[in-house]
Amino acid sequence: MKKYVIIAFVAVTGLFSVNAMAQSKVAHINAQALVASMPEAKKAETDLQTFAQGLEGDGKALVDEYTKKMKEFDEKAASMTENMKEIKGREIQDAQKRIQDYREGAEQKVQAKQQELLKPIYDKARKAIEDVAKEKGYGYVVDSSAGMLLVSPAADDILAPVKAKLGIK
């Protein structure tokens, strides 16, 4: 008898959980396309390119210094003593290291600037997605930009209503 009660309890619990899952609606959106269509994203991209070009200009000075030292070394190597060649070689290696360090630092600065510029845009897009999902009664929204969504009904694509909420055509 106790066995039948447990089986009945498990069966009833299973029915309720299936029923609850059936009531949760799932939508999908291409979040990448949404963010790309936002005017703020286009401005952020332009600002990021300007920032990167500024850093590139500073790095060019280091490359010019390295090129000058290499040219000078090549021209005067025949007349230099071994001690001078060693000193100039270390200077060239130091210039190479400064270029490498600068490039690594510049990449980190560009990534930090990108995060700084895009965070408010992502937050705004996420809020709009959440608002539309709530308005339309969706319990879950899947990002289809990753290409993992194999089958999806067009009616559950909320890209158009989210764009409308953000005022994007």
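The legends below accompany close-up views of a predicted model of a single chain.

**View 1. The whole chain and the order of its elements.** In this predicted model, the chain contains 5 helices and 2 strands, and, read from the N terminus on, these elements follow one another in the order α-β-α-α-α-β-α. The chain has 169 residues, of which 22% count as buried.

**View 2. The pairing of helix α3 with helix α4.** Helix α3 covers residues 39-76 and helix α4 covers residues 82-136, and the axes of these two helices come within 10 Å of each other while crossing at roughly 180 degrees. Because an angle over 145 degrees counts as roughly antiparallel, α3 is described as roughly antiparallel to α4. If the residues in the contact of α3 with α4 are sorted by class, 20 are nonpolar, 3 are polar and 14 are charged.

**View 3. The largest pocket and the residues around its centre.** The largest pocket, with a volume of about 520 Å³, is lined by 26 residues, and those lying nearest its centre are Ala31, Val35, Tyr122, Ala125 and Ile129. Sorted by class, the lining of the largest pocket holds 17 nonpolar, 3 polar and 6 charged residues.

**View 4. The second largest pocket, lined by residues of α3 and α4.** The second largest pocket has a volume of about 210 Å³, and at least two residues of its lining are supplied by α3 and at least two by α4. Its lining includes Ala52, Leu55, Glu56, Gly59, Lys60 and Val63, and it continues with Ile99, Tyr102, Arg103, Ala106, Glu107 and Val110. By class, the residues lining the second largest pocket divide into 7 nonpolar, 1 polar and 4 charged.

Methods:
Residues are numbered from 1 along each chain as its sequence is written. This is a predicted model: local features need pLDDT of at least 70, side-chain atom pairs count only at pLDDT 80 or more; totals for chains, interfaces and linings use all residues. Side-chain values use heavy atoms; hydrogens and water are left out. Axes are lines fitted to C-alpha atoms, for helices over the stretch in contact, and angles run from 0 to 180 degrees between N-to-C directions. Helices (H or I, at least four residues) and strands (E, at least two) are DSSP runs, numbered from the N terminus. Angles under 35 degrees count as roughly parallel, over 145 as roughly antiparallel, 65 to 115 as roughly perpendicular and the rest as oblique. Ala, Val, Leu, Ile, Met, Phe, Trp, Tyr, Cys and Pro count as nonpolar, Asp, Glu, Lys and Arg as charged, and the others, Gly among them, as polar. On a 1 Å grid over the protein atoms alone, a cavity is a set of points where a 1.4 Å probe fits but cannot get out, and a pocket is an open set with protein on both sides within 12 Å along at least five of seven lines; lining residues have an atom within 4 Å of a point. Grid points are joined across faces, edges and corners, and a volume is the space filled by probe spheres set on the points. Buried means under 20% relative accessible area, exposed over 50%, partly exposed in between (1.4 Å probe, protein chains only).
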